[in-house]
Amino acid sequence: MAVKPPWSKLHSRTRRRGAVLLAIASIAIPAAVVPAASASANYCDGSPAASGSTYGKPWISGSTPAIKGRPLCDTTVTPNIHTGQDWDKNPPHFNLYSPNNGIVLERFTDDCMGKTLVLKFGDGNRAAYGHMSSVVPHVGDSITKGDFVGETGNTSCYGSGFPDHLHYSMFSTGWNGWASTHFYEPRGFLGSHGVTWVGSE
Ligand SMILES: [Zn+2]
């Protein structure tokens, strides 16, 4: 078998790299079909951690926020898929609490979901609160079931007419932001883990 000179190997490697670059260029996705970084990327295909413990309501017992609408995975307003459950109440800025023991994973202000608080509970389930007007605990803080964590608000990208309410989401895997975390339906989960709904809650 003939031994190829070193430059031959180098040449073929260079050619191969050129072919790969050409292939990448030829399959480049047109700008028009690249998903925009928006709520359209939300998805609601998550499921609860199996060992769900007993939960409380994310607001003080006895108060009765109304379901505001927009249930989880509401696709009626295409392409804005909703990631949680909305509750509102009069007067606005009602107090919010932790429904279980855990820690604070995230605290930040999102362009469209406003002031956001993300908690991780001891059983592996997690909750995210959106549109808050005030947030009390900080990242890494331990949280006890029933701790006051802040107030509802209307912080968002939707302008001054956006109504005060709680957007409450649940998930059990990593937090990847509002646009790409795997959420599940929170009201049914809480209802099957110790929360009794009253009236229009
Ligand atoms: Zn919402």
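How many helices and strands does the secondary structure of the protein come to?

**View 1. Overall fold of the predicted model.** The protein has 2 helices and 11 strands. Both are DSSP runs, numbered from the N terminus: helices are H or I with at least four residues, strands are E with at least two. From the N terminus on, the order is α-β-β-β-β-β-β-β-β-β-β-β-α. This is a predicted model: local features need pLDDT of at least 70, side-chain atom pairs count only at pLDDT 80 or more, and totals for chains, interfaces and linings use all residues. Residues are numbered from 1 along each chain as its sequence is written.

**View 2. An open sheet of 3 strands.** The strand order is E3-E9-E7, and the pairing is antiparallel. Strands E3 (95–97) and E7 (134–135) are the edge strands, each pairing on one side only. Two strands pair if DSSP finds at least two bridges between them. Strands of a sheet pair through backbone hydrogen bonds.

**View 3. Strand E3 beside strand E9.** Here 3 bridges join E3 to E9 (residues 148–151), and the two run antiparallel. Asn-95 stands opposite Glu-151 in E9.

**View 4. Contacts across the chain.** Two residues are in contact if their C-beta atoms, placed from the backbone, lie within 7 Å. Take contacts between residues at least 6 apart in sequence: 64% of them join residues at least 24 apart.

**View 5. Confidence along the protein.** pLDDT is the predictor's confidence in each residue, from 0 to 100. The protein averages 78, and 71% of the residues score at least 70. Over residues 1–41 the pLDDT is below 50. Beyond near neighbours in sequence, this stretch has 13 contacts in the model.
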